[in-house]
Amino acid sequence: MNFFDALETRSADERTGAQLQALNGQLARVAAAAGACRIDGKALADLTDLAGLPVLRKSDLVAWQKDNPPFGGILTSNIAHIFQSPGPIYEPGGVSHDWWRMGRFLHACGIGSQDIVQNCFGYHLTPAGMIFENGARAVGAKVLPAGTGQTDLQVRAAADIGTTAYAGTPDYLKVILDRAEEMGEALKITKAAVGGGALFPSLRAEYADRGIACLQCYATADLGNIAYESPAMEGMIVDEGVIVEIVRPGTGDPVPEGEVGEVVVTTLNPDYPLIRFATGDLSAVMSGPSPCGRTNMRIKGWMGRADQTTKIKGMFVRPEQVADLVARHAEVARARVIATREGEMDVMTVRIEAPGGEPARYEGSVASVLKMKGRVEVVPPGSLPNDGKVIDDQRVYE
């Protein structure tokens with residue numbers, strides 16, 4: 001078995017010892033910036049002591065960054081880019097070797113120096129495009145920085161240069177493949193590294209039928225790669241550069257193995273130390289190592305949100321955005337965002353309680369506030385359920 005590096009097959013004791021040493025280095029870096037992350041920098045005697053430190057949430061970063069831009073006073077180094085994600089939250093990015101640790105995932109996908117990667121993640125403001133480009137460099141692959149949209153040009157480029165691998169959201173590859181068939185072009189893509197949304201089994205099976213091996217990773221703009229699939233496709237293997245805890249939602253208390261809880265991540269990247277960063281995602285620890293031979297902890301992958309924040313079409317939609325949408329129109333009492341699937345595509349429907357009016361009246365606000373277009377339905381006041389839910393994810397993940 002060809003592994004990315006020797007770290008992937010360490011013993012549990014080796015990994016624990018190395019992580020504890022790296023973690024204590026991170027705690028010292030964080031404490032060097034006064035008050036950052038509410039941590040005093042005191043060294044820990046054991047990794048289990050990590051559970052006694054406070055949880056850091058996105059809302060904390062938003063508040064800190066307003067008071068101390070751009071990164072809230074967290075000590076950073078070797079930063080080449082500044083990105084913006086909804087919130088807004090600003091994230092640093094570096095260009096050194098495998099800065100976001102995405103190379104490990106691309107290597108597991110079989111992508112290497114022989115490949116040309118069509119990178120269909122966005123390059124504007126948000127970091128996903130650069131995250132995957134940095135990972136492609138780490139495995140020696142060439143990159144077509146395609147970004148999103150302009151599907152006809154994407155097909156033309158893939159056919160002309162012989163793209164062999166795809167990186168992007170799970171469903172956009174299908175858009176490219178379907179359009180290539182319509183244009184009479186036979187593409188050479190045989191590998192796909194996807195993220196930014198759920199990879200549904202039916203879609204993975206369709207890609208397999210077309211001769212494409214598709215694996216997914218779990219990454220965020222703040223943390224980089226957290227966990228990834230290997231060809232064994234039995235859960236997701238936690239990356240070697242992070243420490244993952246599964247905690248009871250709303251607390252920092254770790255749950256027993258197998259119990260579903262919120263994913264909390266500590267990154268060991270010295271350039272941007274985040275300690276116990278709460279992702280808002282739900283998952284659970286799986287027992288035993290992966291059959292592929294990698295020995296790190298496995299998680300079951302994305303199992304929903306600990307709060308109502310939901311990813312639709314690769315973009316997060318947050319409750320505070322829905323509140324902003326309502327506030328923009330005096331006649332609107334409430335609104336609800338509903339995520340569904342049609343075929344293999346995400347669909348967003350926004351139901352707005354108002355005494356009347358055409359949906360077109362609100363389409364501009366929806367696109368502006370939620371950062372994507374969706375269907376708009378105007379419903380009578382009092383017709384939305386009285387359950388406190390503003391984002392309803394109705395997609396089925398099994």
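A disulfide here is a pair of cysteine sulfur atoms within 2.5 Å. Cysteine 292 is buried, with a relative accessible area of 8% (buried is under 20%, exposed over 50%, partly exposed in between, with a 1.4 Å probe and protein chains only).

This is a predicted model, where local features need pLDDT of at least 70, side-chain atom pairs count only at pLDDT 80 or more, and totals for chains, interfaces and linings use all residues. Residues are numbered from 1 along each chain as its sequence is written, and side-chain values use heavy atoms, without hydrogens and water.

Next, select cysteine 217. Its closest cysteine sulfur is also in cysteine 109, 8.0 Å away and too far for a bond. Cysteine 217 is buried too, at 8%. The disulfide count is zero.

Now show the strands (DSSP runs of E, at least two residues, numbered from the N terminus). Nine of them form an open, mixed sheet, in the order β4-β3-β5-β6-β7-β8-β9-β14-β13. Its edge strands are β4 (142-145) and β13, each pairing on one side only. Strands pair if DSSP finds at least two bridges between them.

Zoom in on β8 (residues 224-228) and β9 (residues 236-238). They pair in the antiparallel sense over two bridges. Pick alanine 227: its bridge partner in β9 is valine 238.

Methods
Helix = DSSP H or I, 4+ residues; strand = E, 2+ residues; numbered from the N terminus.
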